[in-house]
Amino acid sequence: MARLVLTWWIPLLILQSFLLAIAFGSNEVEEEFNEALLLKPLPDRKVLAHFHFENRAPPSNSHGRHHHLFPKAISQLVKKFRVKEMELSFTQGRWNHEHWGGFDPLSSMNAKPVGVELWAVFDVPHSEVDTSWKNLTHALSGLFCASINFLESSTSYASPTWGFGRSSDKLRYGSLPREAVCTENLTPWLKLLPCRDKDGISALMDRPSVYRGFYHSQRLHLSMVDSGEEGLGSGMVLEQSLTVVLQPDTVSVEKHLQPSWSLSSLFGRKVVGKCVLAKSSNVYLQMEGLKNADPEKTHTLWKSAEFELSIEPDRTLRELSSFLYIFNIDKSSDSEPFDLGFTWKLPSKWLCKQAPLHASRFLMGSGNERGAIAILLKATESPERDITNGCTIKANVFQIFPWYVKVYYHTLQIFVDQQQNTSSEVFKKINVSPSTDKMSSGMMEMMLELPCEVKSAAISIEYDKGFLHIDEYPPDANQGFDIPSALISFPDHHASLDFKEELSTLPLLSKFKDKSLVRSYTEVLLVPLTTPDFSMPYNVITITCTVFALYFGSLLNTLRRRIGEEERFLKSKAGKKTGGLKQLLSRITAKIRGRPVESSSSSESPEAAQSSVLSRKLLFRIMLVAVAAAAWQYFSTDK
């Protein structure tokens, strides 16, 4: 009877759970994945390619859910370490703000410092933030095959309050300027995509084409979206972007003519179709500086007197100073691949939008004891700078100092138009966190308020160089030590692309439409420190080992030798060589004279004396010959 009950109830329970899953699953929003590629010709004869992938996971119940498109590795990191927001970037090369732009959403969000940059906001108690940060760095290090675990040390990260652009007491920021970026970091990054690099726009990422560029930066940004309903957790939005600046291989006939290019010439590949799991897959082409274009004839702008496109765009959008061409690659296939070509007909010159101030950082002083760090802010010819009486430009400066660079914050000075100003006139707010030797790094956050008519402003601060233990030096210590890039942000300036049409369904365009804070990174500083001679320990070890080998070798040789047995062995061997005739004669002579027979030792003592006399005579003869040769050489030489 019990078996019969179990036989009937088990299928009913399974069917009930299946129906409940269908009922609850029908109310949930499905996951979405979108891919896009933005191409943009640059004024310095280069081409910008920006790959953008967005993966959305809707809010789920408290027990979690099975992800179909969202990467499981990222979801586990969020749940285990309770990450609220995170951004990780791998960058090689430096973004050229003067030629590639500094006042647009693309440069504000994707122009990153050299090496690895990581920042994260945690949803944990304040006492557990540092522990969560250390565990997160180890997990990301194994996931992306990088040295991100070096950021676990308290001397490698900081806790900014407002200078970084996000105000949170649970924010941690770290940077590794010397981290090399290679395919070992790009491959795990591509594995987070549903189609990886096998299909869709991501198939264009040819490794030699990407890494031969002047600048490439792969970025991963994770954010949580609150559902606002009880019983449902937060949704997740994962943005993956790869920004590459390439030089076309084609050579133009005219010197001032921009080079023509195509997707196959830039990446060596063509788009043969969209990712089957992607909701939208588009290619965009952004053109700036079209002065002679007629805004009313947007349908003929792809064939103009200045340039020509090989494929007619599906849609053309107009912004205040640029045009955007949209291409849908749903119809592309193996037989008809998508290969967008761009051909210039006439020479064209234009300038990208610039930030209000251009920032650069450098070192001052000489020697391995003292120095100074200077930040130079130069005014740019930007239309956003409204030079009127009484207006000001606000700029926030955020920088980290390693503990071995001992900064003297009381020496902070600022020069506006080469005139020194007091701190009360320019410094509106400052936050300083001094460093502790071998415990924590130093941090400085400043809020500057400069007049709009300013031409240049320079900030300088002095420092001393510390000493490290021999175990704390890296393998290439003679190269120097890196100070991470400083971040310059402008809180009153936001960049966005405001298209007239409503395109909220396209993730990349909706991202560009949102206002992003204008910011830029300075150069990485290379500070030479006093470095010990690492060859001296090797020399000391070598000499010590040699002395010990000679001492112990001779000592062991002396202890192991048996002198009596060796002498008897040598005497018996010498007796055997002389033969028995000589011994017989010596015995007969001793019998005749009535003397006892002498032993071998007594018989050889005269021989030993005779050999010593012979050796002295031989030495005297050698010295005599040497003196005679020297005298002959002296008197025979012509003076």
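Okay, let's start inside: the lining of the largest cavity is made up of four nonpolar residues, six polar ones and one charged one. Before I go on, remember that this is a predicted model.

So who are these residues? The lining of the largest cavity includes His97, Gly102, Gln354, His358, Thr380 and Tyr521, and Arg519 belongs to it as well. Two strands, β15 (357-364) and β25 (516-521), each put at least two residues into that lining. The space in there comes to about 80 Å³. And how many cavities of 30 Å³ or more are there? The count is four.

The charged end of arginine 519 sits over the ring of phenylalanine 164, 5.8 Å from the ring's centre. There's a lysine example too: lysine 46 lies over the face of phenylalanine 214, and here the distance to the ring centre is 4.5 Å.

Okay, rings with rings. When we talk about two aromatic rings, we give the distance of the centres and the angle of the planes. In this model, the count of aromatic pairs is 25. Take tryptophan 261 and phenylalanine 342: their ring centres are 5.4 Å apart and their planes are at 5°, so this pair is stacked. Look where the partners come from: tryptophan 261 is in strand β9 (residues 261-262) and phenylalanine 342 in strand β14 (residues 341-344), 81 residues apart, so the pair links distant parts of the chain. Are they buried or exposed? Both tryptophan 261 and phenylalanine 342 are buried.

Now compare the angle in another pair. Tryptophan 403 and tyrosine 404 are edge-to-face, with 5.8 Å from centre to centre and 75° between the planes. Tryptophan 403 has a relative accessible area of 8%, so it counts as buried. Tyrosine 404 is at 12%, so that one is buried too.

Tyrosine 404 takes us to my last stop, the largest pocket. About 830 Å³ of space lies in this pocket. It is lined by 25 residues, and the closest to its centre are Phe150, Ser156, Leu176, Tyr404 and Phe481. Which of them gives the most? That's β6, with three residues. By class, the pocket lining has 13 nonpolar, seven polar and five charged residues.

That's my tour, thanks!

Note on methods. Residues are numbered from 1 along each chain as its sequence is written. This is a predicted model: local features need pLDDT of at least 70, side-chain atom pairs count only at pLDDT 80 or more; totals for chains, interfaces and linings use all residues. Side-chain values use heavy atoms; hydrogens and water are left out. Rings of Phe, Tyr and Trp (its six-membered ring) pair if their centres lie within 6.5 Å; planes under 30 degrees apart count as stacked, over 60 as edge-to-face and the rest as tilted. Helices (H or I, at least four residues) and strands (E, at least two) are DSSP runs, numbered from the N terminus. Buried means under 20% relative accessible area, exposed over 50%, partly exposed in between (1.4 Å probe, protein chains only). A charge sits over a ring if NZ of Lys or CZ of Arg is within 6 Å of the ring centre and within 35 degrees of the ring normal. On a 1 Å grid over the protein atoms alone, a cavity is a set of points where a 1.4 Å probe fits but cannot get out, and a pocket is an open set with protein on both sides within 12 Å along at least five of seven lines; lining residues have an atom within 4 Å of a point. Grid points are joined across faces, edges and corners, and a volume is the space filled by probe spheres set on the points. Ala, Val, Leu, Ile, Met, Phe, Trp, Tyr, Cys and Pro count as nonpolar, Asp, Glu, Lys and Arg as charged, and the others, Gly among them, as polar.
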